[in-house]
Structure formats: C-alpha cells, structure tokens
Amino acid sequence: MKKFLAKRLGSGSLAVLFSIIFNFVIIRLAPGDPATLLVGKDNPNPEMIAMIREQYGLDKSMFEQLGAYFNQLFHLDLGYSYANSRDVWDMIVERLGPTLMIALTGTLIAVLIGTFIGVYAARKKGTFIDQAICSISYLFDSTPSFWLGLMLILLFSSILGLFPTSGMYNLRGNYTGFAHIMDVIQHMFLPVLTLVLLNIPYYFRIARSSVLQVMSEDFIMTLRATGMSEKKIFNKYVLRNAIIPTITVFGINLAYMVTGVSMIEITFAWPGMGRLMLDSITKRDYPVISGIYLVLSISVAIGMIIVDIVYATIDPRIRIEE
Amino acid sequence: MKKLTAFALSCFMFLALTACGGNNGGNSGGNKTAKDGGTYIIAQQGEPASMNPDTVSDDYLYPIAQNMFNRLVKLNNNYEVLPDLATSWESSDDALTHTFHLNEKAKWWDGEAVTSEDVKYTFDTIVEKNYANKSVFANVKEIEAKDDLTLIFHMSAPDASFLSNVAWYGTFIMPQHVLDGQDWQKSDFNQNPVGSGPFKLSKWNKGTDLRLVKNAEYWGDVAHLDEIVYTVIPDANTAYQAWLNNEVDEIPSALIPTSEIASMQENGDYNWVNQEWPSPYYMTFNLNEGPFKDVKVRKAIAMGVDRNEVSEKAFSGYKPANDYFITKIFTSSLNDNAKQPSYDPEGAMKLLEEAGYKKNKDGYYFETKLTIFEGFEDAANVLVADLEKIGVKCTLSVVDYNVWQENAWKNQEFELTMVAGFQGPDVLGAGRRWTTDGVINVNFYSNEKVDTLYKEALAAATQEEVDAKMKDIQAILAEDLPLILLVNYTDVCAYKSNVQGHPMYTDEQGGSRAKAGFNEMTYVWLDN
C-alpha cells in the first residue's frame, strides 16, 4: 500500500507540474493583452500600457516569466493580480468556499439520486418506467445550464415567489447566526437544484449500465444456480461491483466541478471560483488564472489519489494488479 | 483684467437657472417632501477592481466613486459642468490660466480638510504615473496651489475641452495625507479608501455586495438614503428578474429588454427617462487594403446602408438614426451641408459600377466581411442584409473582444467593423476617433487637414470657434468617409415609481440633474 501511495503521489505531482506549465503557456498564446485591457476601452493610454507591462514583467520572454512564476511558487506565493491589486491567494480562498458549497452539495445529491434511479431503472429494464426515466434523463442531459437556471428562476422566483433569483444572501436582511444560515440555504436552493438536475442523468446512466453489465456476468448466473435469493445477489454482489464506475466518474468529475458550475454561478450571481475564473480570462488576469488552475490541478490530483485508495479498499483485485 | 471663458460663463448661467428652479420647485416632483432613510440596491454586471478610480478606467467603479469621492467639478446628465470641490472658477483672456476656488467646508471622511494641495497632488500623480486619464492634463504646464483654497492651472496651450474632461472620468481627488509616498496601485487604500464624498464605504464582500453608508457629517448636502448597496449580477436575464422581483432597486437600463418596454410603459409602476448619449454606433472601413481603399466604394456602402432601418430593426426605434458625421447631440456643432449620404441603393450600385466592379454570375459585385465583437449582432445583421441588396456579399464574423482588439484593431485584419462607446463629455471627444494619433482611431484614418483643424478646435477660446472648426472637419469627413455613424446610443431607463430625486430624472420628474453628477445618489430618496 505504501508503494502504491508513493507511486500515485509521484504521478499526481507530475500531472500538476505539467498542468501549470501548459496553462501558463496556453493563456499567454490567446489573443488579448492584459495591460491594454486593464487600461480600458475608452481611454487607452500607451504610456500606461508600457508601464504596466514592465511592472508585471509582461515585456519579458515567456520563458523568463515562467521561471519567475516557479520562483514565486517555490516561495508559496501565487502572485499578485494586476487587474484587482490583490494577492491571488486571498482572491481564490474567498471564492473557494461558495463554489464548494454548491458544487459538493449538488454533486453529492446528484450521485445519490442518480445512482438510486439508475439501479431502479436497471432492475425494471425494458419496462415503461425504465424508458420514461431514460427519456427524461436525455432531456436534462442536453439542457444548457444557463437556460435551465433561468427557467428555474422564472418558475420558482418570478411566478411562485418561493426562492430568491440570485445572490448568496438577502441584501436587505443583515441576518446573523442561524437566520443567516437559513438565508444562505434558501439562496443555494436554485443553483444546487440546477446542478442536481444536470448531473443526475450522468450518474443515472453509469449506474444503470454498470448494474446491467454486472447482472449479465457469469458469476451472477452461477450464484443464481446455487439458489441464492435475488435480493441477496443484488445487494451483496451486483451493487458492490456496479458502484465502482460511479466512484471513478465522481473522481474525474471533481476536475470539472469548478468549471462545470461556472455558468451556474454566473446565472445565479453566486460568488464562486468559476465566476472568478471566467472574469479573469476575459481580463487576461494571468496570475489569477494560473493560480486557479494550480489549485484545481492539485485538488484533482488529490481527488484521484483518494479515489484510487477507495478503489483499492473496495476491490482487492485492483491492488493486486498494481 | 480677467474674463470668463465661454465654458465658465455657460456654467454660471446654468447655475443661475438651477438656483431659480430650486427656489420654485423644491427638491422633488409633485411637491413631495424628501424622506430620509432606506437602503437602495443597485445591480451592476461586474465588480470594481479596486477603490481608486484614477489609476485605471473602471466602468464598474465609476458610479460608486461618484458617491465616495469628489472631483474639482463634475458633469451631470445634461453634460453640463457643475461645481463639486470647486465652488467657482475663472479663466484668463488668453485661456492660459484657469483659477479654481475650493469649498472651504470640504472635509475627508477622517475630518482633515480637503485643500488645493490634495488636488495638485492627485493631478500631478496621475500625470507622473501615467494613470488612465493623464491625457486630460496634456496642455497643463503647471499646477499651482496658491493657498489652501485656490488652485491655478498654468496651461501650455489653450484647451477647450479641459474643463469638461476634468469633470468627467478618472479625475477624482485623492487624500494626500493618506496616500503620500505610496504606490496607488498597491496601496491598502484600494480596499479601505478615504474619500470626501456623501457616502462612505462600509463593507465590501467580494463577488456579492459593496455597501456604502451615508456620510452624516458630509460638508455638502447630506444624502437622504441611509445606505447604497452595489451588488453584482453578471447575467442580464437574472438581473432583470431580480429587479422585477424587488430584490434590487435599480439595474443598468441596457438590461431592460426593448421588447418589454412598451407593455411596461402602459402600467404606471415605473418612471421613464430617455437619455441620449454622445455614443454613436458606427461602422468603419479598412482604409489601407481591400475594396474600401477606394472612396467611391465607401460612398456606395454609405448610400447602401439604411440607418433608419438599423434603428427600427435592431433597436426597436429606441436608438435614433444619426445623419451627421458627429453625434447629433451637440447641435451647435452640426454641419447641415456635410451630412452623411442618404439611403439610395440604386445610386450605390451605380457608384460600384463606376468604381469598376461588375456583377459576377451570382449577382455580386464583390465579397467582404464584417468583423465585430459581441454586442453588435443585431445592427450587424441589418447591415449585412442591406449590403446584400446592393450586390455586396457580406459575411458576419463575431469574435471575442480580445481577439477583435488584437486582430482587427491592432493588426488591421478586417474589412468592415463596428464600434460604439461614449465619445466624451463634449463635441471634441469625437476627435479621439478620427485624428491620426487619436487613441481610439480604429481604422488608423489620417488626414493632416483634419488633425490641424482639430488642434485648432482644441485651442479655441469660444464655443463658436469650436463649432466652426468641427463643421469644417465634418466637410472633410464627408469627402473621405472613413466611418459611417449609424444610430445614437439612447438609454430607455426605467426606475421604480417609489424612487425619487434620481440624477437621471428630468427637472419635471423631480430629478437632481441640476445638482448631482451622472450617478451621484445624494438626492435620491424612497417614497414608500
């Protein structure tokens, strides 16, 4: 297990390193100059543009800039945002919480419901219910998040008046303590619902197909031949084997969680990291973009390691293959 | 012996007028008395980058800054210059010296007096550090703080737009006693500012809300509202719904769907203002290569584009067609003999044939491309259809602003493009768009005569002289046709009917145009 962990940590660090370099280069290759954007559309002042470029080292070669960036990281410094005059670390930290709030809540609920429906549909394979659930799942699977979000706003906020349209808390309320928590939960409802509806089909399909696949395997037939009850076969042997792909997908999904919720964050004016990332890309705020990618790649790497450990715990075969 | 320049004169006249208005009408429409208190929530699509409005242009900070800081003088929604820190000002006969007298009561939030040294420090720093609106001071030789309340600008050349530019953008006065010796771009001031304005920053929750509270010790008129909250709602549809649901009190007028305006105007729930800005939407040509090198072809395009159709189809008629080469707002500068060509598709095709083009087998004289960044799609589609009618096959290419800026503007990789934007507080602002070294001269148009006339206009001492030069420039633009102005940007603004004293309201609506800057909320109150 130690060797296994060390190997995973090594490959994880390598992946993080590559992703830093890749993102560093790719964002600088995109058209658009941060200094020009910073100065503004209406009053471009060439002297100021030159000054900003010099001040932030944008006039140096990409290689030198990358060197300076690694030097910074070595000193545990994510850099300084030129567009916001603030430390990148502070900006990311304040946005990470809100993003995790909706991303984790939404994904976990989606995993539970999606898997449950998937397993249910698999057991009812071919029936009307199975087909109905499949069709609905395709419908939500092909719905753009901003559209669904807006429809939910129209329905739940504008027509029914049940939930606020946007934001993280009531701006007139000045609530504290428990009232504040309830207020935030109320504001979380629609973004989380959007995320849940969009993610259910994903986990639904994986659960359904993996249950069907496991059920068609030879050992299940053998178990049936022994006269074991269907209930026991399903709960003890089918489910345990069928759950593994869901865990894999959940791990991979950690990578998309922040980018995946960014449109939802925009629709619901949720102050999360996805929104910060899109803002920073439009402003070509390189240090913030690199900082976010760094945090993302590290968390994905950690997520994958955890998934691997969970795997190895559930399924000893994987450990042996290593 | 000193004489008032045209500008100062018009300002004083204006002040006299508003003083009368104030005596007659009180401070609100319908003889209502202003009520104090309340929280007013304004949604913006983005968040300011810092709390210093002078370092870089920041359209999300500009409205907020007008409530936290003061300028020497300020612009209102009629583009008039109002006193702010300066109570009065005068200019020498040769327009080479401008003297401003500051309000002796003016105080920073921390109780220190605002002096002419603060003003000098601010402007000197803007120039020295190349901050955003350095160009305002291009003709200033020296700024002299004669005594605490007297500030003198010594000009190297007369500058007719100096006063309105000082009153406009990126010229808010900063406290020397707080900022001296600090780098403005890295100062803690950017998070915890000290201003002199009617509202103070109380809390800034990044990504959600920025809260200002009333400055009860304000040296000028104390605000009615207890609190202004600026919140960020990036999505236009969400912002509109949040506004309809009373979660926010005000949204940018551009977010109100034009299709909804007519039905909204039928019920009496809103106060309406039509505000025309000096911000024309225009189309420009690549002058150096491709078909539009030939002025005949440019003229044909100008004749083939139906500006009224653009106004009707793309903007439901809310943004009126513009027939002149400068925005039609500045009426005294318009040259009636140098209007843009009127719509004439037949004539356009004749011109194209004169220019040597023949229709190919598909019925087109030539093919071209209109490259725009997001936001111009509706107008661009009308243009494409118009060009089709005169036998020019035009494809539309919509790109990200950054891509447009790099490829179309910087590298001149375009044939046709579109631009808009606020041109400046007075007619001279348009010069940025068509003088050789104009900072937003998108197609690099260059005509020595235009440059000379524009310099003369800038140096003019009276508005009549400015008008004359601008008319001459329009005559040249009519010959060269470097750009075609399409429509004039007009905001159809709606405010909740309980909102009173808004700086956008007209005098008849009980607005505070006469006393407040563009987005200054001092006189706003809520009638519940």
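## A two-chain predicted model

Chain A has 13 helices and two strands, where helices (H or I, at least four residues) and strands (E, at least two) are DSSP runs numbered from the N terminus. Please keep in mind that this is a predicted model: local features need pLDDT of at least 70, side-chain atom pairs count only at pLDDT 80 or more, and totals for chains, interfaces and linings use all residues. Residues are numbered from 1 along each chain as its sequence is written, while chains are lettered from A and ligands numbered from 1 in the order in which they are written.

Chain B holds 14 helices and 17 strands. Its radius of gyration is 24 Å, close to the 24 Å that the globule rule gives for 528 residues, so chain B is as compact as a globular protein of that length. Here the radius is taken over C-alpha atoms, and the rule is 2.2 Å times the number of residues to the power 0.38.

The table sets out some values for each chain. A residue is buried if 20 or more other C-beta atoms lie within 10 Å of its own, exposed if 12 or fewer, and partly exposed in between, with C-beta atoms placed from the backbone.

| Chain | C-alpha span along principal axes | Buried residues |
|---|---|---|
| Chain A | about 85 × 55 × 40 Å | 35% of 322 residues |
| Chain B | about 75 × 55 × 45 Å | 50% of 528 residues |

### Where the chains meet

Two residues are in contact if their C-beta atoms, placed from the backbone, lie within 7 Å. By that rule, 38 residues of chain A touch 41 residues of chain B. On the chain A side, the elements giving two or more residues are helices H2 (34–39), H3 (46–55), H5 (88–123), H7 (145–159) and H10 (230–267). H7(A) provides the largest share, five residues. This side of chain A divides into 17 nonpolar, 13 polar and eight charged residues. In this count Ala, Val, Leu, Ile, Met, Phe, Trp, Tyr, Cys and Pro are nonpolar, Asp, Glu, Lys and Arg are charged, and the others, Gly among them, are polar.

### Inside chain B

The domain assignment of chain B gives domain 1 (70–196) and domain 2 (276–490); such bounds come from an automatic or database assignment. The C-alpha centres of these two domains of chain B lie 35 Å apart. Their contact takes 12 residues from domain 1 of chain B and nine from domain 2 of chain B.

Chain B also has an open sheet of five strands, in the order S13-S12-S14-S11-S15 with mixed pairing. Two strands pair if DSSP finds at least two bridges between them. At the edges are S13 (392–399) and S15 (483–496) of chain B, each pairing on one side only. Neighbouring strands of this sheet are turned by 25 degrees against each other on average, direction ignored. Within the sheet, S11 (270–285) and S14 (416–419) of chain B run antiparallel and are joined by four bridges. B:Thr284 has B:Thr417 in S14(B) as its bridge partner.

Helix H12 (401–410) of chain B lies across S12 (366–373), S13 and S14 of chain B, running at about 130 degrees to S12(B). For such angles, axes are lines fitted to C-alpha atoms, for helices over the stretch in contact, and values run from 0 to 180 degrees between N-to-C directions.

Finally, S4 (86–91) and S5 (97–102) of chain B pair in the antiparallel sense over five bridges. B:Ser91 stands opposite B:His98 in S5(B). Their hairpin has five residues between the strands, and B:Ala95 takes a positive phi near 60 degrees there.
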